[in-house]
Amino acid sequence: QVQLVESGGGLVQAGGSLRLSCAASGRTLSSYGMGWFRQAPGKEREFAARISRSGISTFYADSVKGRFTISRDNAKNTVYLQMNSLKPEDTAVYYCAARYVDAGPWGYWGQGTQVTVSS
């Protein structure tokens, strides 16, 4: 079983950037497809980005495409989400998730990190 811990959230002005990290422990990260989700106040959790176990394949929600970049460093057991050109509507708790295959249910979740974008 893998444990996930997010970091890197904070307060940033609109147009700014943040990089989130998700550190994994317990199992080798290369065994898992990884994703980032977010949940804004009063809204359901939504998908933001995912990356395959190898790191070759990525996919983004339309709302973040062209602004966010997901990447992974399997040697460091860490996944990243680089967020540029941030907007107030990006304000949310961001969660890292893992699944044991590159398709299927997300079985493992971190505790989340808050991102707040001020206008």
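## Close-up views of an all-strand chain

From the N terminus on, the elements of the chain run β-β-β-β-β-β-β-β-β-β-β. The model is predicted.

View 1. Along the principal axes, the C-alpha atoms fill a box of roughly 40 × 25 × 25 Å.

**View 2. An open sheet is built from four strands.** The strand order is S1-S3-S8-S7. Pairing is antiparallel. Strand S1 covers residues 3-7, and strand S7 covers residues 68-73. Both stand at the edges with a single partner strand each, so one side of each has no neighbour in the sheet. From one strand to the next, the twist averages 15 degrees.

**View 3. Strands S7 and S8 run antiparallel, side by side in the sheet order.** Strand S8 spans residues 78-83. Six bridges join S7 to S8. Serine 71 stands opposite tyrosine 80 in S8.

**View 4. The surface and the interior of the chain.** The accessible surface comes to about 6000 Å². Carbon and sulfur atoms contribute 49% of that surface. Of the 119 residues, 45% count as buried.

**View 5. Contacts link residues 24 or more positions apart in the chain.** Take the contacts with a separation of 6 or more. Residues 24 or more positions apart account for 56% of them.

Conventions: Residues are numbered from 1 along each chain as its sequence is written. This is a predicted model: local features need pLDDT of at least 70, side-chain atom pairs count only at pLDDT 80 or more; totals for chains, interfaces and linings use all residues. Side-chain values use heavy atoms; hydrogens and water are left out. Two strands pair if DSSP finds at least two bridges between them. Helices (H or I, at least four residues) and strands (E, at least two) are DSSP runs, numbered from the N terminus. Axes are lines fitted to C-alpha atoms, for helices over the stretch in contact, and angles run from 0 to 180 degrees between N-to-C directions. Buried means under 20% relative accessible area, exposed over 50%, partly exposed in between (1.4 Å probe, protein chains only). Contact means heavy atoms within 4.5 Å. Accessible areas come from the Shrake-Rupley method with a 1.4 Å probe; for residues, only the protein chains shown count as cover.
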